[in-house]
Amino acid sequence: MKTLNLSKKLYLLREYLFPLNCAVCGETLLDEEDAWIGLCGECAESFQVDSGKRCSACGRPLISELDICMSCRKIDGNAYDSMTLMYPYTGREQQVLKAYKFGKHRSLARFFSEKLLSAMNGFQAGKVLPSGLPWIPVPPRAGKLKASGWDQVELIAKTLEKLYHVPVRRCLKRLASKTQKELGKSERMTNLKGRIICSGSVPEEAIVFDDVFTTGATMNACAGTLKDSGVKKVHGLCLFYS
Ligand SMILES: [Zn+2]
Ligand SMILES: [Zn+2]
């Protein structure tokens, strides 16, 4: 904790000398915490978890009285055992992820790590993620690294590991396949089948994490592969859902 506090002080000093400002609105960062995460208080506070009822299958907030959302009613179960989705991929939340991914505001990896860790305590009634489990990052698309030059989820994994001492296990890899974005949901499922592979020893239970949850196809493929490799329980955790 001491080193974390010292690092925060150094970041404030760096921010004072070489200002990066808020990654979203450009506001000057005068506070230690703000400089640390690269966001002003106002932009950081726009991240609010919807604590209402969630879909029991995918974790999206529910609009209807039913237990399962419309898109989950159409599919035949998920490979993961639970899914925790944090923020809607809209408005300021979306701007923050874009500033991270495309603007390369790397300090936001600390912000996202802290947010992911805050989900451990559970914001959905009766749903607390077990602590002490290994965290497995969703592997990047083959070719993505070449195109963008870095892996945004891996930087969060590294931050979780180094600063917050989370046990990270990098046992999943993704083989080349057609870009997910260009495909429909059923095509995505087939496209991913067999494209995610697992190597090395696997834990009994794990948390698989990613930045954005769209159709759930990637998460399902990761969980499916882990289950086939001997993992008994897979908990999904994503920062955003769209
Ligand atoms: Zn701001
Ligand atoms: Zn659902």
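Start by selecting helix α6: the residues buried there are Leu108, Ala109, Arg110, Phe111, Phe112, Ser113, Lys115 and Leu116. The helix covers residues 108–118 and is mostly covered, with 8 of its 11 residues buried. Keep in mind throughout that this is a predicted model.

Next, step back along the chain to Lys104. This residue lies in the loop between α5 (91–101) and α6. Most residues other than glycine have a negative phi.

Look in the loop between α8 (152–164) and β3 (172–174). His165 is not a glycine, yet its phi is positive, at about 55°. Is the residue buried or exposed? His165 is exposed, because its relative accessible area is 64% and exposed means over 50%.

Now go to the zinc ion (ligand 1). Show the side chains of Cys22, Cys25, Cys40 and Cys43: their SG atoms coordinate the ion at 2.3 to 2.4 Å. The angles among the 4 donor atoms run from 105 to 116°, and the site is tetrahedral. Along the chain, the donors of the zinc ion (ligand 1) follow the spacing C-x2-C-x14-C-x2-C.

The last stop is strand β6, residues 233–241. Of its 9 residues, 8 are buried, so the strand is largely enclosed by the rest of the structure.

Which strands pair with β6? One is β1 (residues 82–88), which pairs with β6 in the parallel sense over 6 bridges. To find the pairing in the viewer, select Met83 and look opposite, where Gly236 of β6 stands. Another is β5 (residues 205–213), also parallel to β6, over 8 bridges. Here, select Glu205, whose bridge partner in β6 is Lys233. From β5, follow the chain through helix α10 (residues 217–228) to β6; this β-α-β crossover is right-handed.

Definitions and conventions: Residues numbered from 1 in each chain as written. Chains lettered and ligands numbered in written order. Predicted model: local features only at pLDDT ≥ 70, side-chain atom pairs only at ≥ 80, totals over all residues. Heavy atoms only, no water. Donors = N, O, S within 2.8 Å, 3.2 Å for Na, K, Ca; no water. Tetrahedral: all angles 85-135°; square planar, octahedral: opposite > 155°, others 65-115°. Buried < 20%, exposed > 50% of the residue type's maximum accessible area, 1.4 Å probe, protein only. Helix = DSSP H or I, 4+ residues; strand = E, 2+ residues; numbered from the N terminus. Pairing = 2+ DSSP bridges. Right-handed = clockwise from strand over helix to strand, strands pointing away.
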